[in-house]
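Please keep the sequence and the structure in view while reading.

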Amino acid sequence: MVKKHHALLIGTREGAKWHPLDGVDAELSTVLAGLCELEVSSDRDHLAALEDGRFDLLLVYDDNWDTALTDAQMASVIRFVAAGGGILVLHNGMSWQKRQEFQNLLGAKFTGHPPFCTLTLRAATPEHPICDELPASWTIDEEPYRFKPMAETDATVLFEYEHD
């Protein structure tokens with residue numbers, strides 16, 4: 001019997017500055033259909049559920065730059081990842097970086113982005129399995145997010161782009 005994977009998506013519905021969860025949750029449910037069951041919440045206290053063992057993946061799409069995660073919320077995320085859980089931070093999910101622990105967990109700090117533009121993405125590690133079914137390069141209209149890597153980060157860059 002194949003294990004059914006479960007993912008928790010945390011995002012902002014009410015009061016999102018730029019990127020509300022509404023609509024994105026449905027799109028992610030469609031993209032992940034057949035791969036995992038998606039549970040969606042706009043309540044950061046739902047992060048405690050990461051510790052009950054039913055989730056394999058945490059998706060962060062929280063657009064709340066004003067309020068840091070509480071100690072208990074951050075501890076749940078750290079314990080989840082330390083136990084082998086995956087975390088995928090989507091776009092504005094970097095808002096959790098008010099916590100140094102989150103920056104350390106992801107290995108970088110978001111420093112900002114210039115205006116929307118057309119970017120050409122190239123596979124930096126084409127032999128990686130994630131890159132297997134994707135073209136070697138493609139263009140996308142997007143905000144080129146910029147990050148400052150942590151000195152101790154040992155990261156595998158999958159895709160890259162040039163800008164400025």
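## Basis of the report

The structure is a predicted model.

## Helix α2

Helix α2 covers residues 71-82. Glycine 84 follows α2 and has a positive phi, near 105°.

The buried residues of α2 are Gln73, Met74, Ser76, Val77 and Phe80. Because these residues cover an arc of only 155° around the axis, they lie on the same side of α2. An α-helix has 3.6 residues a turn, so residues three or four places apart point the same way. The buried residues of α2 pack against β3, β4 and α3. On the face turned away from this buried side, α2 carries the exposed residues Asp71, Ala72 and Ala82.

In soluble globular proteins, nonpolar side chains tend to be buried together. In this model the largest nonpolar core has 14 residues, and those with the most contacts inside it are Leu47, Leu50, Leu58, Val77 and Trp96. At least two residues of this core come from each of β1 (5-11), β3 and α2. The element that gives the most to this core is α2, with 3 residues.

Which residues does tryptophan 96 touch, not counting residues up to four places away in sequence? The residues concerned are Ile10, Arg44, Leu47, Leu58, Val60, Asp62, Leu69, Val77 and Phe102. There is also a second, separate core of 9 residues, which includes Leu21, Leu32, Cys36 and Tyr61.

## Salt bridges

The structure holds 11 salt bridges. One of them joins the side chains of aspartate 22 and arginine 13, at 2.5 Å from N to O. Aspartate 22 is partly exposed because its relative accessible area is 48%, a value between the limits of 20% and 50%. Arginine 13 is also partly exposed, with a relative accessible area of 27%. Arg13 and Asp22 belong, together with Asp25, to a network of salt bridges.

A salt bridge also joins the side chains of glutamate 51 and arginine 79, at 2.6 Å from N to O. This pair links distant parts of the chain: glutamate 51 is in the loop between β2 (36-41) and β3 (57-61), whereas arginine 79 is in helix α2, 28 residues apart. Glutamate 51 is partly exposed at 40% relative accessibility, and arginine 79 is partly exposed at 45%. In a further salt bridge, between arginine 99 and aspartate 71, the closest N and O atoms are 3.0 Å apart. Arginine 99 lies in the loop between β4 (86-89) and α3 (100-106) and aspartate 71 in helix α2, so this pair ties together parts that are 28 residues apart in sequence.

## Aromatic pairs

A pair of aromatic rings is described by the distance of the centres and the angle of the planes. The count in this model comes to 6 aromatic pairs. Tryptophan 138 and phenylalanine 159 form one that is edge-to-face, with 5.2 Å from centre to centre and 70° between the planes. Tryptophan 138 lies in strand β7 (residues 137-142) and phenylalanine 159 in strand β9 (residues 159-160), so the pair ties together parts that are 21 residues apart in sequence. Tryptophan 138 is partly exposed, with a relative accessible area of 28%, and phenylalanine 159 is partly exposed, with a relative accessible area of 26%.

Ring pairs also link Trp65, Phe110, Tyr145 and Phe147 into a cluster.

## An exposed loop residue

Alanine 151 lies in the loop between β8 (146-149) and β9. Its relative accessible area is 82%, and alanine 151 is therefore exposed, the limit being over 50%. The C-alpha atoms of alanine 151 and arginine 44 are separated by 29 Å, and the two residues are 107 residues apart along the chain. Arginine 44 is among the residues that tryptophan 96 touches.

Methods
Residues numbered from 1 in each chain as written. Predicted model: local features only at pLDDT ≥ 70, side-chain atom pairs only at ≥ 80, totals over all residues. Heavy atoms only, no water. Salt bridge = Lys/Arg side-chain N within 4 Å of Asp/Glu carboxyl O. Buried < 20%, exposed > 50% of the residue type's maximum accessible area, 1.4 Å probe, protein only. Helix = DSSP H or I, 4+ residues; strand = E, 2+ residues; numbered from the N terminus. Arc of directions from axis to C-beta. Contact = heavy atoms within 4.5 Å. Phe/Tyr/Trp six-rings, centres within 6.5 Å; stacked < 30°, edge-to-face > 60°. Core = buried A, V, L, I, M, F, W, Y, C linked by side-chain atoms within 4.5 Å.
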